[in-house]
Amino acid sequence: MTRVPLAAGICGVMLVGAGGVRAATPRDCETLAKHGHNAEARNCYESLTQQRDPYLRAEGFWGLKDYQSANNEFRAAVAQADGNAMYRVRWGRLLHERFNNVDAEGLFKEALQRDPKNAEAYLGLALVSADGFDDSAITWTMQALKLDPKLVEAHELMANLALEDSDTETAVREANAALAISPDALDAMAIRAAVEILADRSPDEWLGKIRAVNPTYGEGYAIVAHHLILNRRYEDGVAYYRKAIAADPELWSARAELGINLMRLGQEDEPRKQLEMCYENGYRNAETTNTLRLLDSYKNFVTLRDGPVTLKLEKNEADLLYPYFDEEAQRAIATYTKKYKMTLPGPVQIEVYANHEDFAVRTMGMPGLGALGVTFGEVLAMDSPSGRKPGDFNWASTLWHEMSHVFILTATNHRVPRWFTEGLAVHEETQASPEWGDRVTPEILVAIRDKKLLPVAELDRGFVRPEYEAQVIVSYYQAGKICDYIQERWGADKLLDMVHSFAKIQTTPDVIQQDLGMRAEEFDKEFLAWLDKDVAKEAASFDEWRNGLKDVAMKARDHDYDGVLKEGEHVRALYPDYIYDANVYEFLAEADLAKNDKTAATTVLTEYEKMGGHSPATLKELASLESDAGDKKAAAATLNRINYIYPEDEDLHRRLGDLWLGQENYPGAIREYKAVLAMGPLDKASAEFNLAQAYFDAGQKDKAEEDVLAALEAAPTYRPAQKLLMQLEDSKKGTNADGHTQ
Amino acid sequence: MRLAAMRSALAACGIACALLLAALPVRAGTYFVTVAGLGGEPDYDQRFTAMANDLDHILKTSGGDVHVTTLMGAAATKAGLENALGQVAKEAKPQDDFVLVLIGHGSYDGVEYKFNLVGPDISGGDLAALCDRIPSKRQLIVNTTSASGGSIAALDKPGRAVIAATKTGTEKNATVFARYWIEALRDPTTDTNKNETISAMEAFQYATTKTAAFYDSQKRLATEHAVFEDTGKNDAVRVASTDTGEGLFLSNFALIRIGAAQKAFADPAKRDLLAKKEELEQTIDQLKYQKAAMAPDDYKEQLTAALLELAHVQEELDK
């Protein structure tokens, strides 16, 4: 069929075919648009809007980007022909394009009720699922292809999903299948281009083919950019989003992604400009709107620079957090610089969000993210300790985790499989401190027991497209353990060798073969045998532990402390890693204290602490026990651990300051008393006085004077401060008496 | 509480000193009545009783002329409360202070507040009538219950301050304010101006700050917002203000004296020193007012001199 658009200006578009002249169809218009005949496509769509059939009008308005009218016409079309499944499918596709996946999904399902063999309805469901990286996207796509093996778009989607899972072979096969059916399948070409660029080969052949079909097809570049971003190649991804909008300046989805990814590179001005342009042009998806709101909130942040560390903190907690975050970030950078034998090219920007949803928007453009931190090259964003409940996480451990990513991404030029960089980061948490890092959780034990760990060659899938709820957590754990195993068996240098091998874009099986001298399948077998020694007993006795813990909890509730002590030790031995809510350590300590056995309570809580227990209240209780027993050093060390978990606690800083002052650790005491002041205490006078005393004891009398005056300014009759002021005055006189000029 | 010291306290919480021109009179004694109402379920019963016990212990061991009555458990009935308040009405003198603390659940139906007791509840109006019979010219009701904001209208009058854990009667969830109110009375850091007296305003600020921190740290939407009314104008507020005089009465209202300050007032031999002390405190307050207009070095020099002199006077007073 030859498509001949008539001259613009007439009321419709007619096409000349074998059967003579006929009115344009939506497919005709789509074909014109797909081939970059934009003016003709526009005329074609215009002609559809003047048809009598509301469905055709809907397609016409959609093509003209008049989404509201299109929506209204689809509603009318569906009302007129309730049994027509395709109308619902197309309406669903419109809603999917306009960010309304909930209603879109409903329409696809309604279409399937009317036509259970409608492949395009399954494709629609797959597209909705794919947006959320939901595993069912693959199932729906397969169903669509089963019903219509020649559905090009389904092959293209399958190729895309496979590439998201790092399954290059399937991606290429599916893209080729699409091209075999339709030689101008642009998205299939884009997938082939993405495969090439991810392998550091030239994508020019495929990009050239795209341009030959449609020089304005920006979406092709956007698909490449999407895969680069997914592989954490942010700068390359940004470059491709720029190409996308250069080809099609009105491709708002790409422009919005450009803005969001520029933010990931630490920029603010251009992202704002790009996102505002999207917003003003009606592209108001949640990511764009949320990110613009986040950018507005940046006026409440302060940026502090110290050599290789740039910290972006919320103003209201910057004074408190800065000393702790800066110290840990500097320590992590110094450690990794030595360990990975490399120096970062520039400072690392660390953004700390007191509102977890702000962090989620910063990361994904959407609230509801479960992660604690995320790294985009040399920019990392994370939850502030105040962003979660006390004890929810160890921020320092998270910081070391993310900082590991900064080094590994830089060392590999962002060419590293997800499992390896995550595994190494988890491994580094416990290298920094054996008490840090997550312990094996019940979900992980169940996964191990049920043999759900993935082969190492497929481990990326567990992060990107989990098949069960806990698979992401399980995959983090497995990846971390793999790195522990490699270090234990082959030494730490072997991990560094692997970093370098991955930098050369070798596959996981190849790297394992080359660096560890075995096949990936063999590695899996030996790793699982090693892991078994560590956790098999815990996994096997999981049910016994769960029942035992319930029993102990009931006894604790009933104040049956003898019962708690009798059963608790056995329960603890079954699963000593369990340090989360309602753990047996705390039940045992409660029972010990009820029996006034403070020594036993201290012992069990110390074990909890060493196991990585991170409830601030429990650790404070341990510190009190240690302090009461005269072990002030242990008490201070325990309290200092809480600084890395939940430093938003005035009492913690006062107590630790006092302990360190008593131990003549003046820098420590000064830091803690400054933290008290940073929290804006009600009792400002005593906070200022404590700091003054620490300065005085440290011999910094000028600073002591400043703070004691501040204390007395708030409370002029505060006796301890009055005495210190007099001491300072006396010491001044003493100095003068020693011969200095008066 | 001493005048100038109180000024510092208010300055610390953002109130200008100009309001506080009246010297704080020496009080004869304080009558405390604490009631732990009906919990309705064992967990709440246990919690309310524990808090009432804690408060009872703190008050009875605080020294000074205090008269403490605490009702809890089966004794926390309407009749029990009427008897307790009737007893205070008989014993208290106009110059004695009176403090009623209500711990537990409250309800508000849009018109009337009720405090939940064992047996019949008591309404805000009935409580007010009972308190009206008490001759104390300075009264404080700390209503820490759910929906306590709904009691303010009935309880408020000149000479009687009301603190409520919730801003209105519609905040109906169980509250945590009581826990922090009690904590305030045993935490020396509540005494922000270090005058060895915890005032009702200091305790209120402590409890509201801790309550807000509780909800913040638990990532829960705050379901209680404490307010006070101490002007008799039935206009409860959350923060003190120099413009309206809100907060002045509570700042003057001593709950617990934690030092030897009171002894000095009773010693005629130290009156000159006390006068000198007061004069110095006023000088310091004036300096603080002029701070913005002074050169920093000049301010520091004059402040240091005044503070040093005050410290020496205090040293003499402490001998």
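Modeller: A salt bridge is a side-chain nitrogen of Lys or Arg within 4 Å of a carboxyl oxygen of Asp or Glu. This is a predicted model, in which local features need pLDDT of at least 70 and side-chain atom pairs count only at pLDDT 80 or more, while totals for chains, interfaces and linings use all residues. Residues are numbered from 1 along each chain as its sequence is written, chains are lettered from A and ligands numbered from 1 in the order in which they are written, and side-chain values use heavy atoms, with hydrogens and water left out.

Colleague: Which residue of chain B forms a salt bridge with Arg719(A)?

Modeller: Between chain B and chain A the count is 5 salt bridges. In the one that involves Arg719(A), the closest N and O atoms are 3.1 Å apart, and the partner is Glu196(B).

Colleague: Which element gives the largest share of the side of chain B that touches chain A?

Modeller: Helices (H or I, at least four residues) and strands (E, at least two) are DSSP runs, numbered from the N terminus. The elements that give two or more residues to this side of chain B are α7 (200-217), α10 (271-290) and α11 (296-318) of chain B. The largest share, 12 residues, comes from α11(B).

Colleague: How is the side of chain B that touches chain A divided by class?

Modeller: In this scheme Ala, Val, Leu, Ile, Met, Phe, Trp, Tyr, Cys and Pro count as nonpolar, Asp, Glu, Lys and Arg as charged, and the others, Gly among them, as polar. Applied to the side of chain B that touches chain A, the classes come to 8 nonpolar, 12 polar and 11 charged residues.

Colleague: What area is buried between chain B and chain A?

Modeller: Contact means heavy atoms within 4.5 Å, and the contact here takes 31 residues from chain B and 26 residues from chain A. Buried area is the accessible area (1.4 Å probe) that two parts lose on being put together, summed over both. Carbon and sulfur atoms give 61% of the area between these chains, which is about 2,500 Å².

Colleague: How many salt bridges are counted between domain 3 of chain A and domain 4 of chain A?

Modeller: Domain bounds come from an automatic or database domain assignment, and for chain A this gives domain 1 (150-284), domain 2 (305-539), domain 3 (543-683) and domain 4 (684-742). In the contact, 13 residues of domain 3 of chain A meet 14 residues of domain 4 of chain A, and the two domains bury about 1,100 Å² between them, with 67% of it on carbon and sulfur atoms. The count of salt bridges between domain 3 of chain A and domain 4 of chain A is 0.

Colleague: Which helix gives the largest share of the side of domain 3 of chain A that touches domain 4 of chain A?

Modeller: A polar contact is a pair of N or O atoms within 3.5 Å; within protein, one must be able to donate a hydrogen and the other to accept it, and residues adjacent in sequence count only if both atoms are side-chain atoms. Between domain 3 of chain A and domain 4 of chain A, 6 residue pairs are in polar contact (both at pLDDT 80 or more). On the side of domain 3 of chain A that touches domain 4 of chain A, α34 (650-662) and α35 (666-678) of chain A each supply at least two residues. The largest share, 7 residues, comes from α35(A).

Colleague: Is Arg671(A) buried or exposed?

Modeller: Arg671(A) is found in helix α35 of chain A, and among the residues that it touches, not counting those up to four places away in sequence, are Pro323(A), Tyr324(A) and Trp660(A). Buried means under 20% relative accessible area, exposed over 50%, and partly exposed in between (1.4 Å probe, protein chains only). Because its relative accessibility is 15%, Arg671(A) counts as buried.

Colleague: With which side chains does Asn143(B) make polar contacts of 3.1 Å?

Modeller: Asn143(B) has its place in strand β7 (residues 138-143) of chain B, and with a relative accessible area of 0% Asn143(B) is buried. One polar contact of 3.1 Å joins its side chain to that of Tyr113(B), and another, also of 3.1 Å, joins it to the side chain of Ser151(B).
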